[in-house]
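This briefing covers a protein model by topic. Please consult the sequence and structure shown below while reading.

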Amino acid sequence: MKPTSLLLALAAGLFLAPIAQAETLDFSWPQNVGPLNPHLYSPNQMFAQAMVYEGLVKFMPDGTVAPALATGWTVSEDGRTFTFTLREGVKFSDGELFDAAAVEKNFAAVMGNGARHKWLGLMGALASAKATGPMTVEITTKEPYYPLLQELSLIRPVRFLAPGAFPDSGQSADGIKAPIGTGPWVLSESVLGQYDVFTRNEAYWGPKPAFDRVMVKVIADPNTRAIALETGEIDLIYGVEGQITPDTFQRLKDAGYEAGTSAPLETMALALNTGKGPTADLAVRKAINHALNKDAMVAGIFYGTQSRADTLFAPSVPYADIGLAPYRYDPAQAAALLDAAGWTLPEGGTLRMKDGQPLQVDLVYEASDAVMKSVSEVAQADLAAVGIGVTLVGAEETEFYGRQQSGNFAMIFNSTWGNPYDPHAFVSSMRVPSHADYQAQLGLKEKPEIDAAIGAVLVSTDEAERAKTYDYILRTLHEEAVYVPLTYATAIGVAGRDVTGLSFGATSNEIPFDTLKPAP
């Protein structure tokens, strides 16, 4: 507008108070959020399930469990019955009342699909969940189950769908009519391959987010995501696994963007298949542990945003600080182990052999994860230096998790899950072929004893006995070199110029949209 026109407009009183416009936070993710069934897994994206659905309790950053949809609970003397008092006045986003009947219906659906949830110890421990009044629910276990509250705080599978959104069969395993929860956000639009839109739940019982909408744009490539932030197409980059490369994170931070990293949340590790191929040999597994230069990875790939991991769980994880001796970076030790086990280098060769079998293994990583790819390439070079050949296999998400479950790998990325899963839920899942752990451990002669110990530790009421049992589980897996712990992973976050209030969630799968605000 020209200055003369501006003066005329002012004189005419045409400049009135600005009309409030909807504030949209533009975010990105490698894929669509999925149907958002609260009781199922992939392709449902966990961060989005946490936006829409809530649990009876919530895991807090200090490691405690706090009230959420339940305001309080009591525990029976025998430790088998928890009675929850529900929060009054809460409604699902479709207007239905959240009450004990809704809780009972959701528990029935989850328990009715128990085979799908066998990885979670809570599912085997539950005896019943029933309404004992309009706003009270009684949950009973077959035996005392010490992680019950932590597992009720998980993003899935025990969160609550509006009764009217269940399919006609009443079983959420058959699909849902719509993703209707009690959380601060409502999924309002999805376009496959392009975006998902969440709108603020104006009837939410808790503090309401500052933004009216969150648009989640589908951007698979990390470099494209960084460019989108710099051009203002998106306002936030956040995540643990490969949302952008660490060097790009450092560049954006140096450029003055609000950026930071969380406290360590989980462990990035490789799982080694003990049941077939060269990795069935303990000497090979130990050699792989000694051959990888983790400090170089931390400096060259992660730019110091993560720290070297020497054990499967960080010492800060409950029951994990048991004094395990790390497998230090020592290529000479790796070579000596292989020589002693009969894996020798032919004269003039670069690949070790034993009884005519080459020491060649595959390393499976998720193709869309730039960080996994970089780590894989460094690992390939480190292992080649001691005579171990590595074939890199970049698999799309479905194939990647399919290989984990089927055991179609020699080495595969397999991070721990962090709070509130570690260690109890993570070790519980080792007993079923839902993740790489079961297949990786299948070749161990101690596998039946490990599984029995896991079952015992989850129902132990004696703290000293529980610690002793965890010691056996974690020490055995470490000494058998089933895993190569690489780094203690952090979430990285970068906020665009139009956003302020970047913070980090209590778990790796929650994105703290609630603290973000439009910049002044």
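In the hairpin of β4 and β5, five residues lie between the strands, and G79 adopts a positive phi near 75°. Helices (H or I, at least four residues) and strands (E, at least two) are DSSP runs, numbered from the N terminus. The model is predicted: local features need pLDDT of at least 70, side-chain atom pairs count only at pLDDT 80 or more, and totals for chains, interfaces and linings use all residues. Residues are numbered from 1 along each chain as its sequence is written, and side-chain values use heavy atoms, with hydrogens and water left out.

**Confidence**
- The protein chain has a mean pLDDT (the predictor's confidence in each residue, from 0 to 100) of 92, and 96% of its residues reach 70 or more.
- Over residues 1-21 pLDDT stays under 50, and the model has seven contacts (heavy atoms within 4.5 Å) beyond four places in sequence for them.

**The β4–β5 pairing**
- Strands β4 (residues 70-75) and β5 (residues 81-86) pair in the antiparallel sense over five bridges; pairing requires that DSSP finds at least two bridges between two strands.
- Within this pairing, V75 stands opposite F82 in β5.

**Helix α8**
- Helix α8 (residues 282-291) is largely enclosed by the rest of the structure, because eight of its 10 residues are buried; buried means under 20% relative accessible area, exposed over 50%, and partly exposed in between (1.4 Å probe, protein chains only).
- The buried residues of α8 are A283, V284, R285, A287, I288, N289, H290 and A291.
- Their cover includes β13 (266-272), α10 (331-340), α11 (370-384), β19 (411-413) and β20 (483-489).

**Backbone exceptions**
- Most residues other than glycine have a negative phi, and most peptide bonds are trans.
- L36, in the loop between β1 (24-29) and α2 (46-52), has a positive phi near 60° and is buried, with a relative accessible area of 0%.
- A481, in the loop between α16 (463-479) and β20, has a positive phi of about 55° and counts as buried at 1% relative accessibility.
- R156 and P157 are joined by a cis peptide bond with omega of about 10°; P157 is in the loop between α5 (148-152) and β8 (185-191).
- The peptide bond from N419 to P420 is also cis, with omega near -5°, and P420 is in the loop between β19 and α13 (424-429).
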